[in-house]
Structures are given as C-alpha cells and as structure tokens.
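Here is a short briefing on side-chain contacts. Take a look at the model, then read on.

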Amino acid sequence: MAIFGTDDRVKQNSTLALPNIHIAQVVSYFPDGSTLQSSGVLIGTNDVLASGHALHRFELGGYATSVEVILGLNGDHKPLGIIDGLTIDVASGWVQKQQYDMDYGLITLPQPVGNTCLLYTSDAADDSLRV
C-alpha cells in the first residue's frame, strides 16, 4: 500500500459505531493464486461497494474466484467475523477497457447483515449489532 503525501490518517477504535461499522476490509482471491486486500463500504442490507480493480484483474486471471468481507475490523479483531461474498459484479467499463471512471464493483453477501443500511445504534449498552 502506498500513501501519497502526508499520512494524516487517525486510527478509529470504535469500529462498531456509525459510520465505521459500514467500512469493510475486502480480501479477494484470484485464479492465479494471488490475494488482494482492499476496502469497501456497506451500501445496503447485503451489498458492499468496492473498487473494480479489487474484484477483476486481467493480469491475475480475471474475476476473483472468492471474496471475503470483514465489517468492524479493529486491528486483528474481527467482531463480526468473515463473510464470504455470494456474487460479485464489476462495471463493464472496467472489465472491458479498464476505464478509471468505471472502476467499481458490487459484492452481494449471502444474507442481510441488517434490516437497513443504518445497521447499528451506537448507544447500545452492550455494543451489540442490532438487526
């Protein structure tokens, strides 16, 4: 991973609070054996928006053969576990021509992780995910 310019990121420890709970680590496995890590964002009850280049790479054999989504990641702690993606879709402009303005894709999860995109109430006394 490369950081361009000054790295002014700040570690977020409350990964189960809004809006942090919607941020996902995406791990993609490709036909040539490569593994890529990237990020995504939960945009629906079971949909994660990610970059197209994290889901489809010609030089790695095309579409990822499997994808893992980790919501609420905090260091090595995975409070919500690992969710295997059910399907991935990538914009045709990225797949066919690697157009940077079409560099996006969608990961569909096998089941909803919440009834709405606002999955979590940060005032929950026990810090549990409310569905």
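The structure holds two salt bridges. One aromatic pair is counted as well. The model is a predicted one.

**Salt bridge of R9 and D7**
- R9 pairs with D7 in a salt bridge.
- Their closest N and O atoms are 2.8 Å apart.
- R9 is exposed, because its relative accessible area is 53% and exposed means over 50%.
- D7 has a relative accessible area of 41%, so D7 is partly exposed.

**Salt bridge of R57 and E59**
- A salt bridge also joins the side chains of R57 and E59.
- The distance here is 2.7 Å, from N to O.
- R57 counts as partly exposed, with a relative accessibility of 22%; the cut-off for buried is under 20%.
- E59 is exposed, since its relative accessible area is 52%.

**Aromatic pair of W94 and Y100**
- A pair of aromatic rings is described by two things: the distance of the centres and the angle of the planes.
- By the rule used, there is one aromatic pair.
- The pair is formed by W94 and Y100, with ring centres 5.8 Å apart.
- The ring planes of W94 and Y100 stand at 55 degrees, so the pair is tilted.
- Stacked would need planes under 30 degrees apart, and edge-to-face over 60.
- Is W94 buried or exposed? W94 is buried, at a relative accessible area of 7%.
- Y100 is exposed, with a relative accessible area of 70%.

Notes
Residues are numbered from 1 along each chain as its sequence is written. This is a predicted model: local features need pLDDT of at least 70, side-chain atom pairs count only at pLDDT 80 or more; totals for chains, interfaces and linings use all residues. Side-chain values use heavy atoms; hydrogens and water are left out. Rings of Phe, Tyr and Trp (its six-membered ring) pair if their centres lie within 6.5 Å; planes under 30 degrees apart count as stacked, over 60 as edge-to-face and the rest as tilted. Buried means under 20% relative accessible area, exposed over 50%, partly exposed in between (1.4 Å probe, protein chains only). A salt bridge is a side-chain nitrogen of Lys or Arg within 4 Å of a carboxyl oxygen of Asp or Glu.
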